[in-house]
Amino acid sequence: GDVNSLSQTYYDVVKCINFAITNEIVTCSVGWTNTTKAKIANATNTFEHIPLAILYRALGIVEPTDIVTMILGPDWENHDHLEIIASSLEIGAERDQLGAKMYIGNMIKKTDKKKTTEELLSHVDYILENECLPHLNVKNKKISLIKKAIYISHAIRRLINIYKGIE
């Protein structure tokens, strides 16, 4: 489902995060559309699907147990949804925060081949800090990223509940 980060009436650009469950794996894609329908990101207005491990690591949540706890809560070891989350976190699990940002940066590079590695990393930081769920921003960037990870965790938990027929 879509999670719109700002109302369309507030800005000319609608930013959203899509979460999907395919073959028991949760992925997300980040995109935005201009209300004038001009293409902004690329041909489809969204990045390719980003594995959950990549998204969380780029946000600074690196340890798998921290990610699972954020999504399922402190009693995650016996949670019914653990299998979906565990399989979703396997893709990209070998990367650290810098590697996760480079993964996202390489998606950007497909549409902007002129950017250097430093420019790509700077652009990824900008997207995570300013474009992704901007209504959660506070002055401390690290706290903003943690708030975004918590928000995303809540959305993923709701999506899995709907997928499993609980909601």
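In what order do the elements of the protein chain run from the N terminus on? They run β-β-β-β-α-α-α-α-α-α. That makes 6 helices and 4 strands in the protein chain. Helices (H or I, at least four residues) and strands (E, at least two) are DSSP runs, numbered from the N terminus.

This is a predicted model, in which local features need pLDDT of at least 70 and side-chain atom pairs count only at pLDDT 80 or more, while totals for chains, interfaces and linings use all residues. Residues are numbered from 1 along each chain as its sequence is written, and side-chain values use heavy atoms, with hydrogens and water left out.

**The chain as a whole**

- The protein chain has 167 residues, and buried ones make up 44% of them. Buried means under 20% relative accessible area, exposed means over 50%, and partly exposed lies in between (1.4 Å probe, protein chains only).
- The accessible surface of the protein chain comes to about 9,200 Å². Carbon and sulfur atoms account for 53% of that surface. Accessible areas come from the Shrake-Rupley method with a 1.4 Å probe; for residues, only the protein chains shown count as cover.
- Take the contacts in the protein chain between residues at least 6 apart in sequence: 47% of them join residues at least 24 apart. Contact means heavy atoms within 4.5 Å.

**The largest nonpolar core**

- The largest nonpolar core holds 39 residues. A nonpolar core is a set of buried Ala, Val, Leu, Ile, Met, Phe, Trp, Tyr and Cys residues joined through side-chain atoms within 4.5 Å.
- Five members touch the most other members: Val 26, Tyr 56, Ile 85, Ile 152 and Ile 156.
- At least two residues of this core come from each of β2 (13-22), β3 (25-34), α1 (52-58), α2 (64-72), α3 (82-90), α4 (97-109), α5 (117-131) and α6 (141-163).
- Helix α6 gives the most to this core, with 7 residues.
- Which residues does Ile 156 contact, leaving aside its neighbours within four places in sequence? Ile 156 is in contact with Phe 19, Val 26, Leu 52, Tyr 56, Ile 71 and Ile 85.

- The buried residues of α3 are Ile 84, Ile 85, Ser 87, Ser 88 and Leu 89.
- Ser 87 sits in helix α3. Ser 87 is buried because its relative accessible area is 19%.
- Beyond its neighbours within four places in sequence, Ser 87 is in contact with Glu 24 and Ile 25. Ser 87 and Glu 24 are 63 residues apart along the chain, yet their C-alpha atoms are separated by 7.5 Å.
- Thr 22 lies in strand β2. Thr 22 has a relative accessible area of 46%, so it is partly exposed.
- Thr 22 and Ser 88 are 66 residues apart in sequence, and 9.9 Å apart in space from C-alpha to C-alpha.

**Helices α5 and α6**

- Two packed helices are described by the angle between their axes and the distance between the axes.
- α5 and α6 pack at an angle of about 70°, with their axes 9 Å apart. Axes are lines fitted to C-alpha atoms, for helices over the stretch in contact, and angles run from 0 to 180 degrees between N-to-C directions.
- α5 and α6 are therefore roughly perpendicular to each other. Angles of 65 to 115 degrees count as roughly perpendicular, under 35 as roughly parallel, over 145 as roughly antiparallel and the rest as oblique.
- Leu 128, Glu 129 and Asn 130 in α5 meet Lys 141, Leu 145 and Lys 148 in α6.
- By class, this contact of α5 with α6 has 2 nonpolar, 1 polar and 3 charged residues. Ala, Val, Leu, Ile, Met, Phe, Trp, Tyr, Cys and Pro count as nonpolar, Asp, Glu, Lys and Arg as charged, and the others, Gly among them, as polar.

- Leu 133 is found in the loop between α5 and α6. Leu 133 is buried, with a relative accessible area of 1%.
- Most residues other than glycine have a negative phi. Leu 133 is not a glycine, yet has a positive phi of about 45°.
- Ser 144 belongs to helix α6. Ser 144 counts as buried because its relative accessibility is 3%.
- Tyr 163 is also placed in helix α6. Tyr 163 counts as partly exposed, at 39% relative accessibility.
- Leaving aside its neighbours within four places in sequence, Tyr 163 is in contact with Ile 21, Glu 24 and Ile 84.
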